[in-house]
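Reader: Please take me through one part of this model closely. Then carry on from there to how the chains meet.

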Protein chains: 2
Amino acid sequence: MRYSQYFVPTVKETPSDAEVISHQLMLRAGMIRKLAAGIYNYLPLGLRSIRKVEAIVREEMNRAGAIEILMPSVQPAELWQESKRWEKYGKELLRFKDRKDAEFCLGPTHEEVVTDIVRREVKSYRQMPLNLYQIQNKFRDEIRPRFGLMRGREFIMKDAYSFDVDSSAADSSYEKMYQAYRRIFKRCGLNFRAVEADTGSIGGAFSHEFMVLADSGEDAIVSCSDCEYAANVEKAEARPVALEHAEPRPLERVETPHKRSVEEVTAFLGIPASSLIKTLLVVADGEPLAVLVRGDHELNEIKLAKIIGTETLEMASEEIVEKVTGAPVGFAGPVGLKVRIVADLATQGMKNFVTGANGRDLHYKNVNFDRDFTPSLFADVRNVVHGDPCPRCSAGHLELWRGIEVGHVFKLGTNYSEKLHATYLDADGKEQSIFMGCYGIGIGRTVAACIEQNHDADGIVFPIPIAPFHCIVSAVNSKDASVMAAAEGLYQTLTAAGVEVLFDDRDERPGSKFKDADLIGIPLRLVVGSKNLANGKVELKIRKGGEVTLLSLDEAVENVKTLVANALNQ
Amino acid sequence: MRYSQYFVPTVKETPSDAEVISHQLMLRAGMIRKLAAGIYNYLPLGLRSIRKVEAIVREEMNRAGAIEILMPSVQPAELWQESKRWEKYGKELLRFKDRKDAEFCLGPTHEEVVTDIVRREVKSYRQMPLNLYQIQNKFRDEIRPRFGLMRGREFIMKDAYSFDVDSSAADSSYEKMYQAYRRIFKRCGLNFRAVEADTGSIGGAFSHEFMVLADSGEDAIVSCSDCEYAANVEKAEARPVALEHAEPRPLERVETPHKRSVEEVTAFLGIPASSLIKTLLVVADGEPLAVLVRGDHELNEIKLAKIIGTETLEMASEEIVEKVTGAPVGFAGPVGLKVRIVADLATQGMKNFVTGANGRDLHYKNVNFDRDFTPSLFADVRNVVHGDPCPRCSAGHLELWRGIEVGHVFKLGTNYSEKLHATYLDADGKEQSIFMGCYGIGIGRTVAACIEQNHDADGIVFPIPIAPFHCIVSAVNSKDASVMAAAEGLYQTLTAAGVEVLFDDRDERPGSKFKDADLIGIPLRLVVGSKNLANGKVELKIRKGGEVTLLSLDEAVENVKTLVANALNQ
C-alpha cells in the first residue's frame, strides 16, 4: 500500500478526552474515530489490525471444530422473554419497537438466538457435539462507555456456543475452546494468563478469563510462581494460615483515642497489622452481618456473597454500624456482638489479637476465639495478596498482576436449554436437556489491550501478527530518483513475497515520516536514504527496542522475510 | 469439511411461506433460517457463499483504489438532522433512544457518517481522490419484507463513497467503480447487464444499476441487440418514430357504443392499435394534465414527472376525468380539451389517427395535429417495447429482460457535502464543496439473485466462484472400507491442492446423499462407489447440465483442479 494513496489521519496532540494510552494512541495513529459515546468508526489501519485478530480467531475456531455462522443484530423480544432476560438484563439491553410496534433489542450476546436455531434443528444425540460461532457486531448500552475500544457500546465480538449431550461431553468442548484460546492469544503475540474466574450473573458452572497483562488493566489477577495456577483475584483461593502456638493472655480493654483505622490503631499500640482483626459490617439481603478479616487483608465481597448465598451485599451505613455496635464507626469488634459473624480463614489460627471493643475510643487486646466469642463460620472471604502460598502446589507463592480481559469461556450447563426447551433424544429415545457452553473474545478490545501492553513514548509497538502492516519502507528523500527507485523495488519485492508493506512515498520531511512510522507502530522499518544507498545499503530498524542494522538491499529483503515468517509461525 | 461434522439442515418440503425460488431453496438447502420478518440467520453454507461474494467485492474494490473502513450500525440523529434526512426518510429509518434519551437510528446507508469522517479529516485538494468503502450490516424497516434475502430488513451491503475535487474528477471515480462492478459480477459467474437508471429520490446526477437477469426479476430492463446500450425501462429512451406521409382526411365523429378500451375501439373500427392515440388524464402537483400515448404504448410516469418537473403525479380520478372531458372515462380525446397536453414523441409523426371525442360512446377518426389541436409539448414519456429501435446505434433493436438489482452506482454531486459542509481548499486556497459518488452492492441479494438465475427442479446450480464448496465427494457406501479410504484420499488430495471440498462421509443412503448434493448445488461431484472403484474409477458429475464421466482417481483430481482453476480465473 502506498502511503500517499492511503487514509491515515495521524494527530500530533494527545486527545484530551482519551484517558488510557491505547485510546490515545489509536486516535493519534488514525486507527479509529469516535462517532458517538462508545461508538467508533474503524479507519483503515484500525480495521486491518482487527481483521488480523479475526483471521487468527477464525483459523483456531475452525481448527477446534467450531462452525461459523452469522446471526442478526436485531433480535425479537419473544426469545428474551422466554429466557427471562428481557426483564432481568437491565438498561444495557437496548430495546426498541419497529414500524409495526413489535418489540426488538440490539443483541448484546446471542445465547437466545443460537439456542433457538439449535432447538429447531437438533433432535438427536447423533447431531452433537456441535459448536457454532460467529464474529459479529454487538451492542451494549453501557452507562459509562470509556477507554475507546476497551469499553465501547458497539463492538466486534467472536462468540461461540457449544451444545453437548451431557456434562462430561460439555467439559470436553470447554477444554477444546480453552486450548484454542491459548493458541489464539499466543499467535497474536500477547503476554497473557488464563485465569479461573467467577461465573457472575451468567450463572455457569465454571469459567476462565483470558487476561492480557498490562499495568493499566482493570482486573487484578494472580498466578503461581511455580505451577500453572492462575485466577482472577475475585476468585483466587487463599490457603489457610498455620496455627499460632501461644498461651491465651487475659482480655484487656485499652483506650485508643481517635484511633480508628488499622494503620492508626496498630501504630498506636505498636503491633503489626497482622496482629489485628478488622470487624466489617455488611448488609446481606437486608440483614446486618459482621465479617472478620486480618488487619493486612481485604474483604472479597464476591467470595463472601457466594459463601453466604446472598443476592445483594453492601457495606453497612454509619447508622447501621452505630445501631449494631453501639459505637461510632472505627471501633467495631466481635466480642458481645449480637449479629452473625463470618471470620476469614486466615484469622482462624490467630491468638491474642486486637479488635475493636464496640465503644468510642476503645479496643480490646488479647482477644481469643471461643473464650471471648465464637464466629458462626470460618471461610475464605479475603483477597489473596502478593506472596500468599499457592492453593494448588506446595512450593510456589502467588504473584499479583494487572490484566485486561480479552476472552472468557463459560460452562453454562442447562440454564438456557431448559428455559428455551432445547432438548434432544438420547440413544434410548429419552428426551434430555442439551448442555451448553459459551465462549467470547472481544476483537477490538484485543487490539486495544495489545497496545496497552506494547507501546513506548513514541507510539504503538505492534507485534508482527496483528500489526496493520509488517513493514514500512520509508523513502527519506522522495525527490531523489534513485532513492525512490530503490524504495519502490523493496516495496514490490517484499509485497510479492507476501510481506505486507506500507510504502511511505509521501513528499514529507524524514522526521515527519519517522514520527508517523513510530506512532502507528509498524514492527519493521526499512529506511532508504541517499547516503547509505550510494554504498548500496539501507537501514533496517526494529520498532521494538530500536535496533538498527545497515544491510544491502538483498539482505534487507531476506531479513524482513525471515523476521515476518518467524513471527507468524510461532 | 466433513459433512458428518458440519451443520447443513436440509429440508425436503418446500416451505409454505417462501414465495420465490431463491428463498425456498436457501431455506431447503439449510443456508438461512428466519429469526423475524426480514431478519435471517446465515447458516454455514449460506455464510460461505456470502463470504465468497464479499471476497470478490473486496479484491475488486482494492484493485480500483478504494480503501476499506468500517462504520457503526448505530448512528446519532444529529448527523441525519444536518442532512435533513431525519424527517424525510420515513419509517424505513428505524429510530430509537438510548438509556440517556439521546436519539439514534440503525443505519440504512452511510452517506452522513462517511461525510462526517471526511469533513473532519480532508482539508486540501491534495487529499483527493478518496474512495472509502465498507462491507457492513444495514437495517431498513421495510413495510413488507419478503423474498428471503432479496428484500430483508437486516442485510449485508458493500457501500463505497467517493470524494473528488470537481465534477470531472468525480466522473473518473464513477467510471472506476462502474468497471469494478462489471468485473465483480463477471467474476461471480453471473449473467448480468449494467443499465442506465433513474436517480430517484437520492437525487444524484446519473446512475447505473447492475441487474442479474432472471425471469423472476422485479425490474424490467432493456438492452440493444447490437451495441452496449442498456437501461432500466424506467429510464430507457425511445427513439422518435418516422413521419407518416399521408394526406389529412376530414375529421369524422363516429359512434363507438360501449367501446372504451384500446382493444375494444380498434377491434370495432378495424384498425391496428398503433393508429389510435390514448388520452390519459393525470394530476401533477394538483393540476390536471392530458398525456397522449400511441395505442400500443404505455405511459412511463417517471419520465413524465421528470419532464414536466412535478413532485407528485397520479392518474386522475373518474370525477376529474368527467369534469375535464365532459364525458365518462373511456372517451377522452385531445380535440377541444382545455388542459395542458403532453404528447409522446412516438405520436408526433402520426396522421389521420383515432382519439376519443369527449362524449359518451363517441370517438374521432382522421384526427391530425395542428389542424385539430396542438399539444403543449412533444416528449419521450412512454415505456420502450421489445423491438424498438436502439436510441444509440442505428442498427440494433431493444430486447426486454427481467432483472434483479444487485448493485447501484450513483454520481451524487455536492448534495451531501453542501448540507454537511464538507469542503476543501483548492490549489488557490479557495474553499470548495467536495463532489461525491456512492456505490452499493447487496451481498446477500447477490447470492439470492444467483440462485434465481441458476437452479433447476433438483435445487441450486451454483457457479463455482460463489458456491459454498467447489466439489462434493460422495462416498456411496460408507460401510465399504475401500470406498471410504478412496473418498478420504480424494478429499485430502483436493483440499491440499486448494479445492474446497465437502466430503459426504455420512452413514446415509446414496439416494439421500445425491438429493442433498443436488439441492445445495455444489458444482462438481465425485461419486466413489464399490463397483466403479473395483475398476479404479470414480464418477465426476457436473451439476450444471448433469454431464457424467468415469475417470481414474488421478484423472478425477486433475479434472476437478482444472475446472475450478478455470472458473476462478475468468
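**Strand pair and chain contact**

Author: In chain B, strand β30 (residues 537-542) pairs with strand β31 (residues 548-552) in the antiparallel sense, over five bridges. Pairing requires at least two bridges found by DSSP. Strands (E, at least two residues) and helices (H or I, at least four) are DSSP runs, numbered from the N terminus. The model is predicted: local features need pLDDT of at least 70, side-chain atom pairs count only at pLDDT 80 or more, and totals for chains, interfaces and linings use all residues. Residues are numbered from 1 along each chain as its sequence is written, chains are lettered from A and ligands numbered from 1 in the order in which they are written, and side-chain values use heavy atoms, without hydrogens or water.

Lys537(B) faces Ser552(B) of β31(B). Five residues separate the two strands of this hairpin. In its turn, Gly545(B) has a positive phi of about 100°.

Now the chains. Buried area is the accessible area (1.4 Å probe) lost when two parts are put together, summed over both. On the chain A side, Phe7(A), Leu70(A) and Arg99(A) lose the most, together 17% of what that side buries.

Six salt bridges cross the interface (Lys or Arg side-chain nitrogen within 4 Å of an Asp or Glu carboxyl oxygen). Arg153(A) and Asp98(B) form a salt bridge, 2.8 Å from N to O.
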